[in-house]
Amino acid sequence: MPELTTTPARQPAPAADLPRVPPSRTADRGPRTSTRRRLRAAGVTALVVLGAAGMLFPFLWVLITSLQPHGSGISAPSLIPDTVSADGYRSLFRAMPFTRVAVNSLGLALISTVVQLVTSSMAAYAFSRLRFRGRGLVFALYLATMMIPLQVLIVPLFAEMKALNLVDTYFALLAPTLASGFGVLLLRQAMDAVPRELDEAARLDGAGHLRIFGSVVLPLVRPSLATFSVFAFMASWNSLLWPLVIIRSPEFKTLPLALADLQGQFGTQWNVVMAGSVLSTLPIMAIYLFAQKHVVQSVAQSGLK
């Protein structure tokens with residue numbers, strides 16, 4: 001039988017022949033690194049708190065001023081009132097028909113928001129999914145409208161409303177807000193992110209553009225729709241210049257216009273003005289809190305693209 005040969009086991013190298021590994025400094029740097037991280041986190045938290053306090057200070061000032069018992073145009077309102085009173089809110093309802101102007105503003109803001117959602121979403125779908133000649137030029141014209149301020153359009157808009165005999169009407173208040181270039185841009189960017197394979201799958205099932213638009217695309221861009229709804233509602237609710245130009249009758253006045261009338265020429269009751277400002281912010285806060293989840297999701301998706 002052939003002899004079996006065995007390979008001798010490899011002996012470990014002497015300690016002197018092993019490569020030297022520099023001593024690790026992780027143990028030395030651990031406490032320092034953790035301390036620096038805690039200090040950095042504390043600094044970031046302090047900056048965030050200071051920024052939040054700076055943004056909340058105007059709202060706090062408005063709320064405190066509205067609760068002062070007396071508001072005078074001679075002396076500036078105080079941030080620390082001696083007593084708290086609701087006289088400003090009672091005087092507000094006596095000084096103007098608050099319910100009527102609030103209903104006017106709320107109705108116009110809701111109608112304007114809904115109309116802008118319809119027109120902007122349909123235009124955005126056309127620019128995102130349809131192929132037609134001159135699409136880029138028409139979209140550029142839409143974007144160009146965002147660069148023209150309302151102050152430049154006041155005179156031609158008023159001349160147009162006067163020619164159509166629409167001055168001092170609700171439709172005149174709504175006319176400039178029936179379409180939005182910003183809404184078309186925002187919703188088109190959202191629709192471009194929707195996979196086109198979904199459109200092809202729906203088209204194989206016999207769906208047309210209207211069915212694809214309503215059942216496939218719109219449900220997937222709900223965060224962008226909610227974000228645009230907040231912006232559109234705020235723009236209509238806070239509008240002052242256009243109602244100031246086009247409205248003459250008191251029954252058509254909006255809330256910002258009625259609040260501007262509270263400021264007198266020689267004196268202003270600031271507690272009454274601030275009471276109206278506090279009440280005017282409540283619908284905007286409610287709309288934002290209702291759509292907050294979708295707004296945050298839309299901003300997060302925009303940052304990931």
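**Aromatic pairs in a predicted model**

The structure holds 9 aromatic pairs. Rings of Phe, Tyr and Trp (its six-membered ring) pair if their centres lie within 6.5 Å; planes under 30 degrees apart count as stacked, over 60 as edge-to-face and the rest as tilted. This is a predicted model, where local features need pLDDT of at least 70 and side-chain atom pairs count only at pLDDT 80 or more, while totals for chains, interfaces and linings use all residues. Residues are numbered from 1 along each chain as its sequence is written, and side-chain values use heavy atoms, with hydrogens and water left out.

Start with Tyr125 and Phe213. Their ring centres are 5.3 Å apart and their planes meet at 65°, so the pair is edge-to-face. Tyr125 belongs to helix α3 (residues 98-129) and Phe213 to helix α9 (residues 209-220), so the contact ties together parts 88 residues apart in sequence. Helices here are DSSP runs (H or I, at least four residues), numbered from the N terminus. Both Tyr125 and Phe213 are buried. Buried means under 20% relative accessible area, exposed over 50%, partly exposed in between (1.4 Å probe, protein chains only).

Next come Phe182 and Phe228. This pair is tilted, at 6.3 Å centre to centre and 45° between the planes. It links distant parts of the chain: Phe182 sits in helix α7 (residues 181-192) and Phe228 in helix α10 (residues 222-237), 46 residues apart. Phe182 is partly exposed at 33% relative accessible area. Phe228 is buried, at 1%.

Finally, ring pairs join Phe127, Phe132, Phe139 and Tyr142 into a cluster. Arg188 lies over the face of Phe139, 4.3 Å from the ring centre. A charge sits over a ring if NZ of Lys or CZ of Arg is within 6 Å of the ring centre and within 35 degrees of the ring normal.

Key
Helices (H or I, at least four residues) and strands (E, at least two) are DSSP runs, numbered from the N terminus.
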